[in-house]
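Colleague: Take me through this one label by label. I want to hear what each term rests on.

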Amino acid sequence: MSQQSPLRLADDEQLLTGWGRTSPSLAKVVPVSTVEEVQKCIEESGPRGVLARGLGRSYGDAAQSGGASVIDLQQMSSISLNASTGAVTVGTGVSFHDLLLATVPAGFFVPVSPGTRMVTIGGAIAADVHGKNHHVEGSFGNHVQEIKLVNGLGELRALNPDDAQSEEQFWATVGGMGLTGVMTEATFKMIPISSSLISVDTERCADLDEVMARMIESDSQYRYSVAWIDSLSASGRGVITRGDHATREQLPEDKRATALAYGPKALAKTPGFIPSGLLNKFTVRAFNEAWYRKAPKHEQGALQPISEFFHPLDFVADWNRVYGPAGFVQYQFVVPDEASEVVGAALRKLQSVGAPSFLTVLKRFGTANPAPLSFPQAGWTLAADVPAGIPGLAAALDELDELVANAGGRLYLAKDSRQSPEMFASTYPRLKQWQRTRDQMDPKGIFKSDLARRLSL
Amino acid sequence: MNDALGDPQSVLVLGGTSEIALATVRALPRNRLKRVVLAGRPSPARDAAIAALTSAGIQGVSAIDFEAKNTTEHAVLINQVFDAGDIDIVLLAFGVLGSQDEGEANPDLAVEVATTNYTGAVSVGLRVAARLKGQGHGSLVVFSSVAGDRARRSNFIYGSTKAGLDAFAQGLGDALHGSGANVLVVRPGMVRTKMTTGMPEAPMTTDPEVVANIVVAGLRKGKNTVYAPGPLRFVMTALKTLPRPVFRRLPQ
Ligand SMILES: Cc1cc2nc3c(=O)[nH]c(=O)nc-3n(C[C@H](O)[C@H](O)[C@H](O)COP(=O)(O)OP(=O)(O)OC[C@H]3O[C@@H](n4cnc5c(N)ncnc54)[C@H](O)[C@@H]3O)c2cc1C
Ligand SMILES: NC(=O)c1ccc[n+]([C@@H]2O[C@H](COP(=O)([O-])OP(=O)(O)OC[C@H]3O[C@@H](n4cnc5c(N)ncnc54)[C@H](OP(=O)(O)O)[C@@H]3O)[C@@H](O)[C@H]2O)c1
């Protein structure tokens, strides 16, 4: 019998990256549509292991695993809504996009929404995503009632936060970045809404101090709150947008009949090859200027559709390509309130290496949940996009890491693509506890990702 | 694997005492570097190389025994290194210059050069490539030479081994295209190392550190081939087009 060359690419092998398009690795992609197929994939696992992948919206290497079987769950997308309780049970491959199309007209919204709706429920639980309401309602995991997961022994388990038997495994899976098993189904509480519009208050602030002072003063009065910061301005000026779901009564009369209409616009494409030079200090400065000026100085109760308020980036399908072939990183950290000066220091540091970021977002977090690897903790979180090709970036970000770690803060795994294993271990003090639970759930070490290898999880 | 900013975590050097390879290891970004394996024949030079890299602040430097001519041992060796953890960069840097005159007088010596530089490289090169493809990422850097671009009367034994190695490495790079793994072929001119001590310097002779920086930049940019120094590319392109009678009359 003739031998097959180990160098030849198989049909099911694909190069995978995260949203930042850095550090690709080759894996066998296995689309599944049943629990049995997930179990089979785990039973047949090779030495490089298995990993679940959602829509690949994590920025770094969380949803890729070189040489492994990467399970694509997009076909596991059933939705079953209980309209009397608001509980929904979904296949974990369902996207926020499809879920909202099904539930908004029925009067229900997701309890937590990330900044894009092109994220799966599996990805949302695995990264324990946060939205603009974290300061009052916590992260996605706080709202999950049950997870069905296939563990490293191929067993299907129901994990429940209120069950002494499984609560530890439940919280290890929330924020566990796919390393405790493959979630196949999840049940969580939706929130009732009587319109698909958001009532939004906007404030323009002349500098960072004003932005932060205003957020401390009055964030608690709002369910949703976020600030955009002009990362290239010396002052750190910004625009705060805050709001809540508008009630049907808040709508003009002629809109009330169709209060729950929901139709996010089709996605536009960015041109295929944009030179990375297009995004530079000057174009970003112009963008930021326009963005700042566009915002009203002070406006109350403006009505915005869900997609405009929660998912403004989704209007351009593949905007991550504007950063060119070198890709980009998103630096997102959280620091406690006592260390609020780190926010300004971070902005200055990014300016000093000439990192143009037009997506610089500041938010306040409420209290943390019990998940050992969950990112949010009370304080300030700043997220900034930076093109990966900037000279001196690696050293500058390492210095920032130190600042964040010394302030008792940490980085978000769903965005990370470059922190050191030491940085991670020192800022997630419950890592060992998580590892013990993970080892129970996956005693053979089947679940592996490039991120797990990079950070020695 | 390399992180998003291109910083590697692990390096394997085949030919662990090569001055060019050691300069390359020193020139790599080292913020995330935690494992460097020097594969080579046991010698005081190998011990010294570990000590030198370690005292330069590089972590996790170790050695493993490797003889290029013992191809039957290569499978075990390469698997052992990769089973202990992914390798981001492999430097295939072993090689001997040999003596052209002695080789002509005693062909067994010429065969030694060919076995080391070509046969040995084919043996480890294929095995390394399979493991890089298997882990889904990584770079193999192959130190070829301008001597392989066109064989000269004065060193065609060595030159032909590099020509063979160069063709092999290019083919290997094509085989790995799209696999997450890649091959960088490096064609240095004359470099001031122990391989060339005592020899008259050719034009454009350079230092290991210069080659090292070119290799690191080539890796970062995902290049397939680099010359060191860079302008040698044009010199060699010109030389390759010279008719044989003219080429023969050039100073060798
Ligand atoms: C434009 C944009 C805006 C964003 N805004 C926010 C934000 O506001 N807040 C926030 O928190 N995040 C935000 N993110 C990050 C994003 O929400 C997370 O990275 C999320 O995990 C992506 O989901 P995904 O389905 O694409 O999962 P992937 O990126 O494909 O996977 C992420 C992780 O989840 C694991 N995983 C996925 N499915 C399963 C499963 N079924 N079982 C087990 N593990 C699984 C993977 O193994 C991986 O570790 C944003 C991302 C983008 C691109
Ligand atoms: N220097 C130049 O001018 C020049 C120019 C073009 C290309 N190159 C190429 O670049 C590479 C590195 O050269 P260099 O200048 O750094 O040379 P070097 O310092 O002499 O290193 C050569 C290396 O090859 C190893 N080696 C030789 N035979 C071996 C064998 N049978 N098994 C295992 N290892 C063996 C040596 O190990 P030991 O210590 O055990 O001998 C040494 O580590 C070589 O491939 C060379 O051909 C060099």
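Modeller: Start with the elements: helices (H or I, at least four residues) and strands (E, at least two) are DSSP runs, numbered from the N terminus. This is a predicted model, in which local features need pLDDT of at least 70, side-chain atom pairs count only at pLDDT 80 or more, and totals for chains, interfaces and linings use all residues. Residues are numbered from 1 along each chain as its sequence is written, chains are lettered from A and ligands numbered from 1 in the order in which they are written, and side-chain values use heavy atoms, with hydrogens and water left out.

Colleague: Where is A:Ser23 found, and what makes its phi stand out?

Modeller: A:Ser23 sits in the loop between strand 1 and strand 2 of chain A. Its phi is near 40°, a positive value, and the residue is not glycine. Most residues other than glycine have a negative phi.

Colleague: Why is the peptide bond between B:Ala228 and B:Pro229 called cis?

Modeller: Omega is about -5° there, and the bond is cis. Most peptide bonds are trans. B:Pro229 lies in the loop between strand 7 (225–228) and helix 8 (232–241) of chain B.

Colleague: How many residues from chain A and from chain B does the contact take?

Modeller: Contact means heavy atoms within 4.5 Å. By that test, 29 residues of chain A and 26 residues of chain B take part.

Colleague: What is the area buried between chain A and chain B?

Modeller: Buried area is the accessible area (1.4 Å probe) that two parts lose on being put together, summed over both. Here the value is about 2,000 Å², with 57% from carbon and sulfur atoms.

Colleague: What makes A:Arg453 and B:Asp86 a salt bridge?

Modeller: The rule asks for a side-chain nitrogen of Lys or Arg within 4 Å of a carboxyl oxygen of Asp or Glu. A:Arg453 and B:Asp86 are 3.7 Å apart, N to O, so the pair passes. Four salt bridges are found across this interface. On the chain A side, the elements that give two or more residues are strand 1 (13–16), strand 2 (25–31), helix 11 (393–406) and helix 14 (450–454). Helix 11 gives the largest share, four residues.

Colleague: Why do A:Glu289 and A:Arg293 lie about one helical turn apart?

Modeller: Because they are four residues apart in helix 8 (residues 281–294) of chain A. Over all chains, the search finds 39 salt bridges.

Colleague: Turn to the ligands. Which residues come nearest to ligand 1?

Modeller: A residue is near if one of its heavy atoms lies within 4 Å. Of the 35 residues around ligand 1, A:Ala52, A:Arg57, A:Ser58, A:Thr120 and A:Tyr412 come nearest.

Colleague: What makes A:Thr120 a polar contact of ligand 1?

Modeller: A polar contact is a pair of N or O atoms within 3.5 Å; within protein, one must be able to donate a hydrogen and the other to accept it, and residues adjacent in sequence count only if both atoms are side-chain atoms. A polar side-chain atom of A:Thr120 is 2.7 Å from an oxygen atom of ligand 1, so the distance passes. A backbone N or O atom of A:His130 is 2.7 Å from a nitrogen atom of ligand 1. Alone, ligand 1 exposes 970 Å², and the protein buries 96% of that. These areas come from the Shrake-Rupley method with a 1.4 Å probe; for residues, only the protein chains shown count as cover.

Colleague: Which residues come nearest to ligand 2?

Modeller: Of 28 residues around ligand 2, B:Thr17, B:Glu67, B:Tyr158, B:Val191 and B:Thr193 come nearest. A side-chain N or O atom of B:Tyr158 is 2.7 Å from an oxygen atom of ligand 2. The protein covers 92% of the 880 Å² that ligand 2 has on its own. Helix 1 (19–27) and helix 6 (156–176) of chain B are the elements that give two or more residues to this shell.
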